[in-house]
Amino acid sequence: MCLVNKKLLNILKYMLSFGLAAVLVYLAFRGIDWKEFLAGLKATRWGWVILFIVAGYLALVFRALRWTQLVHPLDNSIHYGRVWDANNIGGMASIALPGSGDLLRTALLTTEKLPYQTVFGTVMMERAWDVLAIVLMFVVSLVFAWGRFGGFFVDNIWHPIAAHAVILWGLAAILVLVIAALVLIRKLRNRSKFFGRLNDTLEGFLIGFKTFALIKNKLLFLFYSVMIWVMYMLMSYFILKSIPQLSGALMADGLFVASLGNVASLVPVPGGIGAYHYLLKLSLMGLYGTTEEIGLLFATLCHELHAVLVIVLGVWSYVMRIVILKNRNASKKN
């Protein structure tokens, strides 16, 4: 019965996710003059687009290098190639089902020495660094280019947040409840098998989350983290430069727009589709006074080109994992 309920909840969750994506896609593409959109696409400077693809690829390379550093102290048998494939397959899964990517790449990296909950802890450690990076990107872009982005930030981000402070209080209340639940599980771990197993799972998660302390070369880890987000900044900058109407953009524009784009990734829709297009279209219209068509062109180039890159690498990594497993099984039989 519980299994059936869980399946129904998952189906409902994905239906809501795809439904939200459909609404956001409709809002993003509503009223678009497709002749103007296609004219902008024809005028795109494809040399900049190639640089975008290179930067996107390098961002994935640095991500895999960083995650390798996190898991290596726990199981040094895990090599970069396996981490690279797990990241790529997980990224491909995220495009289809929101939230599934992290779960899948965790499973692909689980070993006898490294249980699932511990690997998931390293994934959450990565996400914590990503959230910190997004905040820092916002702060840096605002500090160095307040004249360009300050008004937009205050009117479109700060004021809406302040007007809905009740949401922040609700999130704070949820955080308090989660902490209280963790403390309760800890205290009851010896009183029942259920709480004991929950506690063991949490301890495994914490081991993974605290792996940063085990890394020998922390400066290298920080370098990888910085380079991931430098690549994201360059990706936005290159697409801005590829569109003639936005070619006057500075590197600071790439930094701020990349920050906005990553906020869209927090919306629980498949691959950020719809949310990214809608938010970026509105943002570029507000920042630069562009037409809806040019704003949507920027969002479409960024999102779809990156999705294609992730899918191609995901398929390649999936095929490579199958080949590796077949060769391994064949060698065992021999």
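Student: At what angle do helix 5 and helix 6 pack?
Tutor: The model is predicted, so local features need pLDDT of at least 70 and side-chain atom pairs count only at pLDDT 80 or more, while totals for chains, interfaces and linings use all residues. Residues are numbered from 1 along each chain as its sequence is written, and side-chain values use heavy atoms, with hydrogens and water left out. Helices are DSSP runs (H or I, at least four residues) numbered from the N terminus, and axes are lines fitted to C-alpha atoms over the stretch in contact, with angles from 0 to 180 degrees between N-to-C directions. Helix 5 (residues 100-109) and helix 6 (residues 116-144) have axes 9 Å apart and pack at an angle of about 130°.

Student: Which orientation class do helix 5 and helix 6 fall into?
Tutor: Angles under 35 degrees count as roughly parallel, over 145 as roughly antiparallel and 65 to 115 as roughly perpendicular, and the rest count as oblique. The angle here is about 130°. Helix 5 and helix 6 are therefore oblique.

Student: Which residues of helix 6 does helix 5 meet, and how do the residues of the contact divide?
Tutor: Contact means heavy atoms within 4.5 Å. From helix 5, D102, L103, R105, T106, A107 and L109 meet Y116, V119, F120, V123, M124, E126 and R127 in helix 6. For the division, Ala, Val, Leu, Ile, Met, Phe, Trp, Tyr, Cys and Pro count as nonpolar, Asp, Glu, Lys and Arg as charged, and the others, Gly among them, as polar. The residues of this contact divide into eight nonpolar, one polar and four charged.

Student: How far apart are the closest N and O atoms of R66 and E126?
Tutor: R66 lies in helix 3 (residues 46-71) and E126 in helix 6, 60 residues apart. The two form a salt bridge (a side-chain nitrogen of Lys or Arg within 4 Å of a carboxyl oxygen of Asp or Glu), and their closest N and O atoms are separated by 3.6 Å.

Student: Is E126 buried or exposed?
Tutor: Buried means under 20% relative accessible area, exposed over 50%, and partly exposed in between (1.4 Å probe, protein chains only). E126 touches R63, R66, W67, L70 and R105, leaving aside residues up to four places away in sequence. Its relative accessibility is 1%, so E126 counts as buried.

Student: What N to O distance does the salt bridge between R66 and D130 have?
Tutor: R66 is buried at a relative accessible area of 0%, and D130 is buried at 5%. Their side chains meet in a salt bridge with an N to O distance of 3.1 Å.

Student: How many residues apart in sequence are the parts that R321 and D85 tie together?
Tutor: The side chains of R321 and D85 meet in a salt bridge (2.8 Å, N to O). R321 counts as buried at 17% relative accessibility, and D85 does at 6%. R321 lies in helix 13 (residues 292-333) and D85 in helix 4 (residues 80-96), so the separation in sequence is 236 residues.

Student: Which residues do salt bridges that share partners join into one network?
Tutor: A search of the whole structure finds ten salt bridges. Those that share partners join into one network R63, R66, D102, R105, E126, R127 and D130.

Notes:
Helix = DSSP H or I, 4+ residues; strand = E, 2+ residues; numbered from the N terminus.
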